[in-house]
Amino acid sequence: MDFTILADARFGWTFVISEIILLYLLFLLIHRLVERKLKGK
Amino acid sequence: MTEQRETWKSHWGMIAAMIGTAIGLGNIWRFPYLCGKYGGATFLIPYVILLFGIAIFAMMCEWALGRHTKREALGAFDKIKFPFGRDIGAWGIIGPFFLYSYYIVITSWVIFFIFASLEGLYFGKNTETFFASFLGSKWIFAVHFASVCITSWILAMGVQKGIERACKIMIPALFVLLIIVAARSVTLPGAAEGVEFYMRPRWDGLLNIETWVAALGQVFFTLSLGMGAMLIYGSYLKDEWGIPANAMSVALGNTSASILAGFAIFPAAFALGFGKTIGGAESIGLTFFVLPKVFEMMPGGHFFGGLFFILLAFGAISSAISIQEPAIAWLKDEAGWSRKRSAFFTGVILWIMGFPFILNGFIKGTLGAKLALLSKMDIIIGQLAIPVFGILAIIAVGYFMKDRGFDEMNKNARVKLSHTWLKPWIRAVVPIFIGLLFILTLLKILQEKGVIPPVIPSKAALEFTPIGITPVTIVMIVFICVLFWGGFLYTTVKVLTVEKDKKRRVKRGLHHSR
């Protein structure tokens, strides 16, 4: 398989920035859900 | 969560553990790479200014916030009623994930080089080519998987305390070995050029805003600031230990190791013909193709190389454990998962997150291209996210804890910091300075895209032309060595003597009362 795109500057920046933002938001969502569940208990 | 929290047993143990956690790849891999990229001493000057002007205060703020609230990042920001405190504090759990995702890849390089050194795989070869071919080999999958398994297994078994204890011996040993390597490096024929590169400031480079942003990121990265780690350590600090002197001791001890790593790498890099590589895209792997060549030229190179990478692996794994731990603690405490399940789950996610950096190594191209994605992640995390979170901790102490924060810093401190200058420094000078750095960076990006007319120097003249060791170079060498190595010895001895005096006085008091 060819992974040349990983070394591409535009793809690289988009990839790392979106990975950080998406996972951070996902974690915040999970965190809120867990907190709500704990409060419910 | 209970208010009762365990504390460090001994003062020296605390200093050793903090330096131990902070000494690792940040000093031996990241510092030389950035220092080389931004022009040696030209990088050291902003580094020193930002270390004393900002990072030490950031460390004191994280410790004060941790000790006062007795909480980890998420709870600490929430307890002092910082706006969106729980969301911002959540960075202390998820932020380390991003750091781990590429930090463990570099740890796996270290593990590979243990075997490569013991077997002498790179002996007689071009180490840069050897390193590049390793990045595109099946070995990288094996060592990466092994590294993730090691940290997850240690955390699942709950034996991280044992690793930390081992680090108390391993890290000083690494320091001693680094002195031996540095001694070999500076005595290589042609090493003077490297010393000159490392210690002769080229003043025009100081106008490059990127140098300052990189130096800011490095002082935060190397001291484990802006990730919630020092905040957690702060919550374990005993009330009777003064924060300012201890922060100074830890910061100086850590930087001493970085300075030493520079002396081990730059003279050798120039002596062995890697001078032109420094500053290029491939310099992110500098440590991994310069040091092996030094080991090859040392008597008993197999042994010293293997030993060096074993010790470095301990430092890297202990740091990786402290990076993976907050997420496991969160899953255990909040989601009610078992330690083993949490360690397995985080391990799998972190293993997957490392894949893009590994697959990048399989492309056909230069070493720089094989490391392109990893270097981008390092810029975003190390130069942007970590300082931003670190600054939020400073703002939290300056504006939300107010006098409680400043009192916490000075609590039982022998040398107290006057509120007259401490308050404006933490509340205004530090945030304004950092804000300015980020604004200028943004302007520079816009300028490069042609959105605004050129107002900021866009490229520093970092070309290095050797002129020999000048008086300025000698002054710089003496200044840096006395400041860091002398300063570290002085502050540590001072901190420990004060502690001994206090204990003696307490004993005498008890004796009289009897």
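In this predicted model, Ser224(B) counts as buried, because 29 C-beta neighbours lie inside 10 Å, where 20 or more are needed for that label. Ser224(B) sits in the loop between helix H11 (209–222) and helix H12 (229–236) of chain B, and its phi is positive, about 55°, although the residue is not a glycine. Such a value deserves a second look, since most residues other than glycine have a negative phi. Asn412(B) is another residue other than glycine with a positive phi, again near 55°, and its place is also in a loop of chain B, here between helix H19 (403–410) and helix H20 (419–448). Asn412(B), however, is exposed, because 12 other C-beta atoms lie within 10 Å, and a residue with 12 or fewer is classed in that way.

Helix H2 (residues 25–37) of chain B has 13 residues, which should span 18 Å at 1.5 Å a residue, and its end C-alpha atoms are 17 Å apart, so the two values agree.

H3(B) bends by about 50° at Leu51(B), and the helix is mostly covered, 24 of its 29 residues being buried. Lys70(B), which follows H3(B), has a positive phi near 55°.

Once its neighbours within four places in sequence are left aside, Met59(B) is in contact with Leu223(B), Leu225(B), Met230(B), Ala247(B) and Ala251(B). Burial is also marked in helix H14 (residues 286–296) of chain B, where 10 of the 11 residues are buried, so that the helix is largely enclosed by the rest of the structure. The buried residues of H14(B) include Phe288(B), Phe289(B) and Phe295(B), and among them are also Thr287(B) and Lys293(B).

Chain A presents another picture. Its secondary structure comes to one helix and zero strands, and its C-alpha atoms fill a box of roughly 50 × 20 × 5 Å along the principal axes. Of the 41 residues of chain A, 12% count as buried. Gly40(A) belongs to helix H1 (residues 9–40) of chain A and is exposed, because 6 other C-beta atoms lie within 10 Å. The C-alpha atoms of Gly40(A) and Asp2(A), which are 38 residues apart along the chain, are separated by 49 Å.

The two chains meet in a contact that takes 17 residues from chain A and 19 residues from chain B. On the side of chain A that touches chain B, 14 residues are nonpolar, three are polar and none is charged.

Notes:
Residues numbered from 1 in each chain as written. Chains lettered and ligands numbered in written order. Predicted model: local features only at pLDDT ≥ 70, side-chain atom pairs only at ≥ 80, totals over all residues. Helix = DSSP H or I, 4+ residues; strand = E, 2+ residues; numbered from the N terminus. Contact = placed C-beta atoms within 7 Å. Nonpolar A, V, L, I, M, F, W, Y, C, P; charged D, E, K, R; others polar. Bend = angle between axes of the 7 residues up to and from the residue. Expected span 1.5 Å × (residues − 1).
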